[in-house]
Amino acid sequence: CIRLGPLLTESSRPGHDPAANQVVVGENGILTRIRLPKAQLANDRYPLARLHVNPAFLDSMHQAAAIFCLFKTKLIHLPVGAEQFTVFATPHQDANYDVIAIVKERSSDRMWFDVAMLHEGRQVFCLAHRVELRRTGQ
């Protein structure tokens with residue numbers, strides 16, 4: 001079982017639908033669906049106006065790629081960089097967000113992905129080009 005961090009796991013709390021969070025693994029990529037954490041909208045510790053985008057929510061883009069690596073290799077890979085990371089719009093609606101990570105290149109200890117976050121499969125909010133994940137020294 002793969003568990004996301006506490007900011008991204010509100011589906012386990014009362015009043016949330018666990019089916020809203022999905023993971024679909026394909027041969028060369030992964031789709032994950034998460035809801036914008038209510039803490040992003042209401043908690044003073046995450047002032048959206050000042051942060052523009054909550055870093056933990058954007059980390060879900062890297063988590064999607066890491067989950068793909070774990071499913072495919074049974075080994076932990078961690079993000080170590082990206083060639084380009086662009087935020088086009090601020091995720092600020094209580095809605096589903098899709099993260100799609102597509103493998104662009106593989107080596108024995110690394111994978112590179114292009115990763116996009118979309119609002120309910122339509123509007124692109126964030127795009128990361130050539131996100132590099134490196135296998136940890138297990």
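Biologist: To begin with, is Phe113 buried or exposed?
Modeller: Phe113 is buried, with a relative accessible area of 0%. Buried means under 20% relative accessible area, exposed over 50%, and partly exposed in between, with a 1.4 Å probe and protein chains only.

Biologist: What should I know about the model itself?
Modeller: This is a predicted model, in which local features need pLDDT of at least 70 and side-chain atom pairs count only at pLDDT 80 or more, while totals for chains, interfaces and linings use all residues. Residues are numbered from 1 along each chain as its sequence is written, and side-chain values use heavy atoms, with hydrogens and water left out.

Biologist: How many helices and strands does the protein have?
Modeller: The protein has three helices and six strands. Helices (H or I, at least four residues) and strands (E, at least two) are DSSP runs, numbered from the N terminus. In order from the N terminus, the elements run β-β-α-α-α-β-β-β-β.

Biologist: Back to Phe113. Which ring does Phe113 pair with?
Modeller: The partner is Phe68: the ring centres are 5.8 Å apart and the planes stand at 85°, so the pair is edge-to-face. This pair links distant parts of the chain, since Phe68 is in helix α3 and Phe113 in strand β5, 45 residues apart. Rings of Phe, Tyr and Trp (its six-membered ring) pair if their centres lie within 6.5 Å; planes under 30 degrees apart count as stacked, over 60 as edge-to-face and the rest as tilted. Phe68 is also buried, at 0% relative accessible area.

Biologist: How many aromatic pairs does that rule give?
Modeller: The count comes to two aromatic pairs.

Biologist: And what is the geometry of the pair formed by Tyr97 and Phe125?
Modeller: Tyr97 and Phe125 are edge-to-face, with 5.5 Å from centre to centre and 65° between the planes. Tyr97 lies in strand β4 and Phe125 in strand β6, so this pair ties together parts 28 residues apart in sequence. Tyr97 counts as buried at 0% relative accessibility, and Phe125 counts as buried at 4%.

Biologist: Which residues touch the most other members of the largest nonpolar core?
Modeller: In that core of 26 residues, they are Met61, Tyr97, Phe113, Val115 and Leu133. The elements giving two or more residues to this core are β2 (29–35), α3 (55–73), β4 (96–106), β5 (110–119) and β6 (123–135). The largest share, eight residues, comes from α3. A nonpolar core is a set of buried Ala, Val, Leu, Ile, Met, Phe, Trp, Tyr and Cys residues joined through side-chain atoms within 4.5 Å.

Biologist: Let us change topic. How do β5 and β6 run?
Modeller: β5 and β6 run antiparallel and are joined by nine bridges. Two strands pair if DSSP finds at least two bridges between them. Strand β3 (residues 77–87) is likewise antiparallel to β6, with nine bridges.

Biologist: Which residue stands opposite Trp112 in β6?
Modeller: Opposite Trp112 stands Glu132.

Biologist: Is Glu132 buried or exposed?
Modeller: Glu132 is buried, with a relative accessible area of 15%. The side chain of Glu132 makes a polar contact with the side chain of Arg134 (3.4 Å). A polar contact is a pair of N or O atoms within 3.5 Å; within protein, one must be able to donate a hydrogen and the other to accept it, and residues adjacent in sequence count only if both atoms are side-chain atoms.
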